[in-house]
Structure formats: C-alpha cells, structure tokens
Amino acid sequence: MPRSQRLSGSADIRRVLHAGQPSRHDYLDIYSTDNALGHTRVAFVVPRFRHTAVARNRVRRRLREIWRRDIASRTASLDVVLR
C-alpha cells in the first residue's frame, strides 16, 4: 500500500478515533472522517492482548488485502481507522 494511502501519524489516527463516525461490528470497529486530500487514507489497529506477533500480522495482512481488493476503489476522500 503506497504511503499516500496510509494514515501514518499517531495524531492523525487519534483525530479519526475521536472525531470520526464509529461503525461497530462483531469483531471490527470502523471509524471514518472526511479529509481534504481527494483520496482515501487508512490505518489498521490490531491490539496485542492475548495474541502473538504472527497472529496480529496475519490479521493486518488480511485486512489490508480486503481493503485493497474490495473497498478502496469505492470510497470517497476519507480517513479510515479499522480496529
């Protein structure tokens, strides 16, 4: 995923988590807010609780692939955090 499509700063991620619209599902929380950049940026937050690094990275890779393949082309200019 190109750097321009990622939310990389902790300040940006915190801003989306606090000001964004939450959408809660069984295993996934999605927070989104508008941006003025003209393209979508995304961040994946996977908690460390009771999981090994291998399991967390596997979840991150799967979410990234689902995002790239199915969702990224259909969204407007948003900042999105998947947790």
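N35 sits in the loop between β2 (29–34) and β3, where helices (H or I, at least four residues) and strands (E, at least two) are DSSP runs numbered from the N terminus. Before going on, please note that this is a predicted model, in which local features need pLDDT of at least 70, side-chain atom pairs count only at pLDDT 80 or more, and totals for chains, interfaces and linings use all residues. Residues are numbered from 1 along each chain as its sequence is written, and side-chain values use heavy atoms, with hydrogens and water left out.

N35 counts as buried because its relative accessibility is 14%; buried means under 20% relative accessible area, exposed over 50%, and partly exposed in between, with a 1.4 Å probe and protein chains only. Setting aside neighbours within four places in sequence, N35 is in contact with R41, S77, L78 and D79, contact meaning heavy atoms within 4.5 Å. A76 is 41 residues away from N35 in sequence, yet their C-alpha atoms are 9.3 Å apart.

In soluble globular proteins, nonpolar side chains tend to be buried together.

Now step back to the whole chain. The protein has two helices and four strands, and from the N terminus on they run α-β-β-β-α-β. Its radius of gyration is 13 Å, close to the 12 Å of the globule rule for 83 residues, so the protein is as compact as a globular protein of that length; the radius is taken over C-alpha atoms, and the rule is 2.2 Å times the number of residues to the power 0.38. Along the principal axes, the C-alpha trace spans about 35 × 25 × 25 Å. Buried residues make up 27% of the 83 residues. Of the contacts with a separation of 6 or more, 69% join residues 24 or more positions apart.

Two arginines take us towards the solvent. R50, in the loop between β3 and α2, counts as exposed because its relative accessibility is 73%. Its phi is near 60°, a positive value in a residue other than glycine. R61 lies in helix α2 and, at 49% relative accessibility, counts as partly exposed.

Our last stop is the largest pocket, lined by Y27, L28, V45, V46, P47, V59, L63 and R83. On a 1 Å grid over the protein atoms alone, a pocket is an open set of points where a 1.4 Å probe fits, with protein on both sides within 12 Å along at least five of seven lines, and lining residues have an atom within 4 Å of a point. The lining divides into seven nonpolar residues, no polar and one charged, with Ala, Val, Leu, Ile, Met, Phe, Trp, Tyr, Cys and Pro counted as nonpolar, Asp, Glu, Lys and Arg as charged, and the others, Gly among them, as polar.
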